Amino acid sequence: MRVTSSLLFASLLLLLFPSTETKRSGKGRGLRGVRHKLTRDRVRGGRHSRSGPDRLGAPNCLELTESGDVFVDCQDQRLNSIPASHTWLKKPKHLLLARNRIKVLHDGVFSGYESLTSLDLQQNKISLVEEGAFEGLTHLTTLLLQHNRLGTLNEEALIPMPNLRYLRLYDNPWNCLCSMDSLVRTIQVPSNRNLGVHARCAEPVKLRSMKLKQVNPELLCKEMDQNDESQNEDTDHIVPIEPIPIRTKPDATTSCHIYLFPQIRMDCSGRGLTTVPSGIPDDVVHIDLSHNSIHHLKARDFQAARSLRTLNLSNNNMEHIDTASLFGLLHLNELDLSSNNLHFVMYGVLEDLYFLSQLKLGGNPWMCDYSIHYMVYWLRLHPRVRHSGLLCHSPLENAGESVQEYVNSYNRECPKDRQHNRSDQDQTDPELWNTPLEAQAELEEELEPSHLRAPQRHHIIRLA
């Protein structure tokens, strides 16, 4: 039995030995070749994935320089935390983190960002800011925390930022109790007029909708305790009746998202607005009011936006634009009126747009009659304006034709013979005069004796 097993083992070795040698002799094959290939692939993979140890796992953010300032744009990146400062090639002065998923700002989270002058954290889910979160941001002048879930914020968190000039806190569910005492007192200091503007209390009911700048700090701790006791004793089952609010124009700070960097931009797109909101910042550069229900653009809706460069009013089902609705927009470069319900533009609407360079007009049911001539004549006087979408929608015989062609054909068909070849008799014929008073005056002049006629002081020149 042992001899048989030894013979079998020896035969197996003889069978395996040639195949092993064959694989070794083959180019790139065998166990050694496989190991070499794995080692080579690992080295290659490591070199490819490393673009520098500091940038490993960096978010897909944009780093750009404008006017000498370094911007890092990490908006809409679904970030849950603040990226490490060593991620970036240069130290940023402006960090844009709007529209992410950040919930908590822990102590020291901005370590390494000491060069920041502006920080945009709006439209996240921030519900807690620890006292040491902004430690080291001594150069910060602008902090945007609006449109989050903050119920309270201690004034201690603002101490590391001695140069803070602009603090946005609105559209947060502020719980105006004793924990808010220090913050309320800080933003109510007269020199801090740009801190906490438009922020309002959400709780308790007695202070709901009251601005933080107007709340009496003495009430936050004292009267709240009294109210709690009285509510427990007398009004546990009573629902407070709130007065019906007076209908006013929506406010831009609460209805829209305002971004300060790199240029002041107001995003009001798809907010369900029926009118242009009030409180538009004086220095806003871009406004997007598209996809709302603003049917009527009224006079002086944008009178405060003297620095406006672009205005998007598309997709509003707009039917009418008042003459002075764009009054004062001397620096407007781009105007989008596309996809509305405009049939014509009233005379004088475009008169203040001296520097307009682009005008979008497509998707409107333009009516090709005499009311459309103003638009064509204005565009003819401003040849540098690039326009698109000015096509006839009605009447049917002109549908699809460019408005410019319609106006040209209208001028070609104008009966010029009637304008230049009229006889004197036609010009004095009472039937051709515009009003009965003019006809009566002509008849009286013809019937009156010549020697009784008073000398004429004025001569009427009729223009065909």
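Tutor: The account below begins with the aromatic pairs and then turns to the strands, a further tyrosine and the confidence of the model.

This is a predicted model, in which local features need pLDDT of at least 70 and side-chain atom pairs count only at pLDDT 80 or more, whereas totals for chains, interfaces and linings use all residues. Residues are numbered from 1 along each chain as its sequence is written, and side-chain values use heavy atoms, with hydrogens and water left out.

A pair of aromatic rings is described by the distance of the centres and the angle of the planes. Rings of Phe, Tyr and Trp (its six-membered ring) pair if their centres lie within 6.5 Å; planes under 30 degrees apart count as stacked, over 60 as edge-to-face and the rest as tilted. By this rule the model has three aromatic pairs. In one of them, the ring centres of Phe110 and Tyr113 are 6.3 Å apart and the planes stand at 75°, so this pair is edge-to-face. Phe110 also pairs with Phe134: the centres are 5.9 Å apart and the planes lie at 15°, so the arrangement is stacked. Phe110 belongs to the loop between strand S4 (104-105) and strand S5 (118-120), and Phe134 to the loop between strand S6 (128-129) and strand S7 (142-144), so their pairing ties together parts that are 24 residues apart in sequence. Helices (H or I, at least four residues) and strands (E, at least two) are DSSP runs, numbered from the N terminus.

Phe110, Tyr113 and Phe134 form one aromatic cluster. Burial is judged by relative accessible area: buried means under 20%, exposed over 50%, and partly exposed in between (1.4 Å probe, protein chains only). Phe110 is buried at 0%, Tyr113 is buried at 1%, and Phe134 is buried at 0%.

Strands S5 and S7 also belong to an open sheet of six strands, ordered S1-S2-S3-S5-S7-S8 with mixed pairing. Its edge strands, S1 (62-66) and S8 (166-168), each pair on one side only; two strands pair if DSSP finds at least two bridges between them. S7 and S8 run in the parallel sense over three bridges, and Leu143 has Leu167 in S8 as its bridge partner.

A second open sheet has seven strands in the order S11-S12-S13-S15-S17-S18-S20, again with mixed pairing. Strand S11 (257-259) and strand S20 (386-388) are at the edges with a single partner strand each, so one side of each is left without a neighbour in the sheet. Strands S17 (residues 334-336) and S18 (residues 358-360) pair in the parallel sense over three bridges, with Gln358 in S18 as the bridge partner of Glu334.

Tyr370 is placed in the loop between strand S19 (366-367) and helix H6 (373-381). With 58% relative accessibility, Tyr370 counts as exposed. Beyond its neighbours within four places in sequence, Tyr370 is in contact (heavy atoms within 4.5 Å) with Tyr406 and Tyr410.

As to confidence, pLDDT is the predictor's confidence in each residue, from 0 to 100. The chain averages a pLDDT of 78, and 70% of the residues score at least 70. Residues 417-433 have pLDDT below 50, and this stretch makes 17 contacts beyond near neighbours in sequence.
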